Amino acid sequence: MANLPDLTPTEAVRAARHLTLTEIGESGQRRLKAARVLVVGLGGLGSPVAQALAAAGVGTLGLVEHDRIEASNLQRQLLYTPADVGRPKLDAATERLQSINPDTRIEPHAVRLTAEHAAGIVSRYDLVVDGSDNFATRFAVNAAAVQSGKAVVSGAVQRFEGQVSVFAAPGGPCYRCLVPTMPPPESAPGCVEVGVLATLPGLVGQIQATEAIKWIVGIGRPLVGRVLLIDGLELSFRTMRLARDPACPVCGNLPSPDPTVPMSDPTMHPDEITVEDLKAKLDAGETFRLIDVREPNEVAMSQIPGSEHIAMNSVPQRLDELGKDDEIVLHCRSGSRSMRVLNFLRSQGYTNVKNLQGGIHAWSDRIDPSVPKV
């Protein structure tokens with residue numbers, strides 16, 4: 001244990017219940033103190049994960065989060081209070097975690113983790129706990145973890161169901177073995193669209209934290225090659241086996257890609273446009289129709305300049321207002337509803353249609369923070 005940091009008297013008192021566990025003991029607690037863990041996302045899953053790992057004595061927590069606290073977060077994101085609404089999650093979380101354990105070092109990363117810079121962040125840590133809520137981030141985290149040789153404790157929740165697994169472990173499957181291709185947004189609605197039981201993220205997050213502690217200390221049987229499925233209504237747990245896929249595009253036994261051939265961005269759906277590209281089109285004065293498909297009450301509270309409004313449910317009745325030769329960019333709050341409208345328009349013969357990736361949320365985050373994320 002010469003390379004592991006010693007416990008201070010304060011840390012030893014705090015970790016007393018761990019020290020009495022023969023499976024953890026002093027050596028295991030010193031491993032926790034030496035560990036560097038990256039928590040991606042500080043929402044419903046990341047909140048309980050970060051709290052539990054700080055309380056358990058993990059020495060360094062890297063936190064990745066770019067969002068601000070909304071009142072609707074408070075139902076399940078117990079790291080925050082009503083007084084925090086409007087603040088950056090990263091700032092509030094750092095304060096709260098330091099109050100939980102002043103000996104834990106916090107390394108904030110105020111970014112949206114993307115394929116371009118994920119590897120540079122992931123490679124600096126021993127383990128990743130993924131609490132993100134979208135496939136683009138999960139794909140980026142997975143690719144960076146495989147590249148860096150780091151395991152990922154992955155969690156997901158929706159409605160009354162949750163799942164946990166450990167991906168990218170040596171010899172084990174990665175996330176792309178479970179989800180080979182990026183699902184279209186309309187097939188994977190988030191909590192905003194379908195809801196989530198308030199207590200479920202806390203349950204799943206605590207299981208993720210448990211897996212992280214086991215992995216760091218080197219005890220028990222981690223969820224490698226197994227996906228734990230949780231049914232909150234039945235309060236039942238079952239395990240699905242998952243083998244590494246030899247044809248996996250990330251970790252499979254495939255030839256190395258030709259470095260002279262540019263790689264496509266796996267986080268972009270082919271029918272999407274980024275907020276940066278939309279801003280460029282608007283600034284250039286290009287002629288196209290920017291259509292907001294949210295409900296009237298949402299539009300009244302926030303808008304992207306230049307948008308016109310046709311609510312999603314009224315699109316079929318207003319097709320005569322849309323020319324099939326028009327260039328159309330659709331958007332909503334996060335990109336899910338507008339993608340459904342895009343697919344409907346395509347079925348009606350409209351070919352020049354794009355969906356704004358990330359919707360109002362992405363516009364507010366990366367273009368104009370004064371636009372509320374409604």
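User: What covers the buried residues of α3?
Analyst: The cover includes α2 (16–19), α4 (46–56) and α10 (200–217). Contact here means heavy atoms within 4.5 Å. Helices are DSSP runs (H or I, at least four residues), strands likewise (E, at least two), numbered from the N terminus.

User: Which residues of α3 are buried?
Analyst: In α3 (residues 25–34), G25, G28, Q29, R30 and L32. Buried is under 20% relative accessible area, exposed over 50%, partly exposed in between (1.4 Å probe, protein chains only).

User: What kind of model is this?
Analyst: Predicted: local features need pLDDT of at least 70, side-chain atom pairs need 80 or more, and totals for chains, interfaces and linings use all residues. Numbering runs from 1 along each chain as its sequence is written, and side-chain values use heavy atoms, without hydrogens and water.

User: Which residues touch the most other members in the largest nonpolar core?
Analyst: V37, L42, L53, V58, L61 and L63, out of 44 residues. α10 gives the most to this core, eight residues. A core is a set of buried Ala, Val, Leu, Ile, Met, Phe, Trp, Tyr and Cys residues joined through side-chain atoms within 4.5 Å.

User: And what does L61 contact beyond four places in sequence?
Analyst: V37, V39, A50, L53, A54, T104, R105, I106 and E107.
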